[in-house]
Amino acid sequence: MADHEHEQHSISYGLYFKTWVWLLVLTATALGLGYTHLPEGLKAFLLICTTLAKILVIAAIFMHLRYERVNLILLTFVPLVLAIIMFSFTFPETLGTVTHLIQVR
Amino acid sequence: MDSSLAVEQQRILASNWGGGKSPFGTSWSKFMMWIFIISDALTFAAFLIAYGFMRRISPAWPRQTEVFNMTLITLMTFILISSSAVMAMAVAAARAANPKLAFKFLCLTILGGLMFLGCQAFEWSHLIEEGARLTHNPWGVPQFAATFFVITGFHGFHVFSGVTILAIVALRAAMGKYSADQVENAGLYWHFVDVVWVFVFAFYYLL
């Protein structure tokens with residue numbers, strides 16, 4: 001039993017190491033995207049994808065969310081949903097005629 | 001007593017919310033930490049959306065690569081991700097009832113946090129020397145430096161709080177007054193600080 005438990009814990013150390021390597025790969029990808037000259041919309045979309053991949057990995061593995069009940073997992077999506085609502089209410093204001101309100105001093 | 005009221009009371013007590021049960025399957029402290037993280041995430045979401053708004057309505061936004069030392073920022077990201085991985089190992093060691101190993105991992109996490117804060121202090125003092133203020137800056141619209149100081153400052157304060165919490169947990173682990181739940185809750189907060197930095201790194205420095 002003790003041996004089995006020891007094995008379990010060394011598995012989790014290995015998993016955290018692998019997760020760390022994957023997070024570094026995703027960070028390098030995001031950094032590469034930052035230096036490429038893509039259209040801003042596409043760049044924003046790709047950066048959102050790498051960022052969401054990173055936070056899903058951190059939340060699922062480092063924060064043990066994959067072992068939690070579904071209702072707690074759903075609860076953690078609340079900020080994302082509310083942020084999307086806030087963004088979709090404010091973003092249209094930046095389009096159209098009312099741009100360039102801020103002046104360079 | 002009114003019989004319908006008694007029936008209603010029985011129904012509530014028998015439900016998952018009647019007390020004595022844990023509908024989320026966690027300890028109360030872990031659940032409170034999650035609630036705190038969710039509310040704190042909303043604060044940062046508001047900051048980042050406000051930043052995006054101001055950037056969109058500015059005539060021009062300075063190129064980050066010309067203002068910031070991207071090598072330093074990448075190093076800071078590397079430090080924070082690494083400390084998060086070490087923190088996860090500290091929680092595993094605490095769950096395995098190995099306080100000595102947990103203490104070592106916690107010290108490494110604290111070291112990562114302190115290195116991050118050192119890099120940030122260096123970055124801030126450098127930018128302030130170049131003339132960046134909340135109200136104006138040499139590179140463009142005043143909102144450029146204002147959003148920078150507010151967002152990274154708020155995040156940096158979270159890192160500082162995290163280091164303080166981890167120091168308390170590490171001391172308690174060293175004293176033997178240690179509980180795996182405590183280490184896990186401190187870990188949840190530390191990973192959240194890492195998650196916020198992932199957003200700031202992508203949207204403030206890279207986009």
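Helices here are DSSP runs of H or I, at least four residues long, numbered from the N terminus. Their axes are lines fitted to C-alpha atoms over the stretch in contact, and angles run from 0 to 180 degrees between N-to-C directions.

Some housekeeping. This is a predicted model: local features need pLDDT of at least 70, side-chain atom pairs count only at pLDDT 80 or more, and totals for chains, interfaces and linings use all residues. Residues are numbered from 1 along each chain as its sequence is written, with chains lettered from A and ligands numbered from 1 in the order in which they are written.

Start with α5 and α6 of chain B. Helix α5 covers residues 99-129, and helix α6 covers residues 142-175. They pack at about 155°, with axes 9 Å apart. So α5(B) is roughly antiparallel to α6(B), the term for angles over 145 degrees. The crossing is left-handed, meaning the near helix is turned anticlockwise from the far one by less than a right angle.

Who makes the contact? From α5(B), the residues include B:F103, B:L106, B:I110 and B:L117. From α6(B), they include B:V159, B:F160, B:V163 and B:L166. Contact means C-beta atoms, placed from the backbone, within 7 Å. By class, there are 18 nonpolar, six polar and no charged residues. Nonpolar is Ala, Val, Leu, Ile, Met, Phe, Trp, Tyr, Cys and Pro; charged is Asp, Glu, Lys and Arg; the others, Gly among them, are polar.

Next, α6 against α7, residues 180-206 of chain B. The axes come within 10 Å and cross at roughly 160°. That makes α6(B) roughly antiparallel to α7(B). This crossing is left-handed. Among the contact residues are B:H155, B:H158 and B:R172 of α6(B), and B:W190, B:W197 and B:Y204 of α7(B).

Now one residue, B:F31. It is found in helix α2, residues 28-56 of chain B. Leaving out residues up to four places away in sequence, B:F31 touches B:F24 and B:T26. Its C-alpha is 9.2 Å from that of B:N185, 154 residues apart along the chain.

Last, the chain contact. It takes 41 residues from chain B and 43 residues from chain A. On the chain B side, α2, α4 (70-95), α6 and α7 each give two or more residues. The most come from α2(B), with 10 residues. That side has 28 nonpolar, 11 polar and two charged residues.

How values were computed: Parallel < 35°, antiparallel > 145°, perpendicular 65-115°, else oblique. Contact = placed C-beta atoms within 7 Å.
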